[in-house]
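Morning, everyone. Let me put the structure up, and then we'll walk through it.

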Amino acid sequence: FFTHHIFHVEQAAYAAEGVDVSAITFEDNSATLDTLDKGHGSVYGILDEELHVPRGSDAGFLDKVMKAWGPPKGGGVVKRPKGAKSRDSFEVVHFAGTVCYGSAGFLDKNRDEVPPDAVAAVKASRNAFIAALFSPANAAPEDGGRDSASGKKTSLGAQFRAQLARL
């Protein structure tokens, strides 16, 4: 959405106003964004799913990502690194280059929750901007971050993506 709006829509608006925008080129990163965050089968969707599997593990997450997005299925966006890292890592080809992600600790990092006393301290701030960070419109649900439809605990990543979408 961002890429489409900023580049395609804005360029069309400028062209309609007679502004020359022909020299503006950009790398369309939508394939990478879709791989990471489009639906339940995306990398983030697989991560959320693995959090809910009773014996979910970092290795299970990595295996599912590679089965779903590894060559040749992923269009070259996700691949295994060469060498020693290939057992517990995957690479994502971004517009700026290839980034290697070690899967160790992915599940634990995504389970992290903001401690309730930290939330209370931020909400009590005298600075309106800081206090608004955990306002009802921005905060995770008070029920511990549970999805209202499924009742499952909402992961930190899913909460972040929901907040980002609301922007």
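Where is S89 found? In strand β2, which covers residues 89-94. Keep in mind that this is a predicted model.

First, the overall layout. The chain has eight helices and three strands. Read from the N terminus, the order is α-α-α-α-β-β-β-α-α-α-α. There are 167 residues, and 27% of them count as buried. The accessible surface is about 11300 Å². Carbon and sulfur atoms hold 59% of that surface. Now contacts. Take those with a separation of 6 or more: 38% of them link residues 24 or more positions apart.

Back to S89. Is S89 buried or exposed? S89 has a relative accessible area of 4%. The cut-off for buried is under 20%, so S89 counts as buried. Its side chain makes a polar contact with the side chain of D88, at 3.3 Å. What else does S89 touch, leaving aside neighbours within four places in sequence? On one side of the numbering, L62, R80 and P81. On the other, C100, Y101, G102 and S103.

Next stop, V43. V43 sits in helix α3, residues 43-52. V43 has a relative accessible area of 3%, which is under 20%, so V43 is buried too. Which residues does V43 contact, again leaving aside neighbours within four places in sequence? T35, L36, F61, V65, W69 and F90. Look at F61 in that list. V43 and F61 are 18 residues apart along the chain. Their C-alpha atoms are separated by 8.9 Å.

That's the tour. Over to you.

Note on methods
Residues numbered from 1 in each chain as written. Predicted model: local features only at pLDDT ≥ 70, side-chain atom pairs only at ≥ 80, totals over all residues. Heavy atoms only, no water. Helix = DSSP H or I, 4+ residues; strand = E, 2+ residues; numbered from the N terminus. Buried < 20%, exposed > 50% of the residue type's maximum accessible area, 1.4 Å probe, protein only. Polar contact = N/O pair within 3.5 Å; in protein donor to acceptor, adjacent residues only side chain to side chain. Contact = heavy atoms within 4.5 Å. Areas by Shrake-Rupley, 256 points an atom, 1.4 Å probe, with all protein chains shown as cover.
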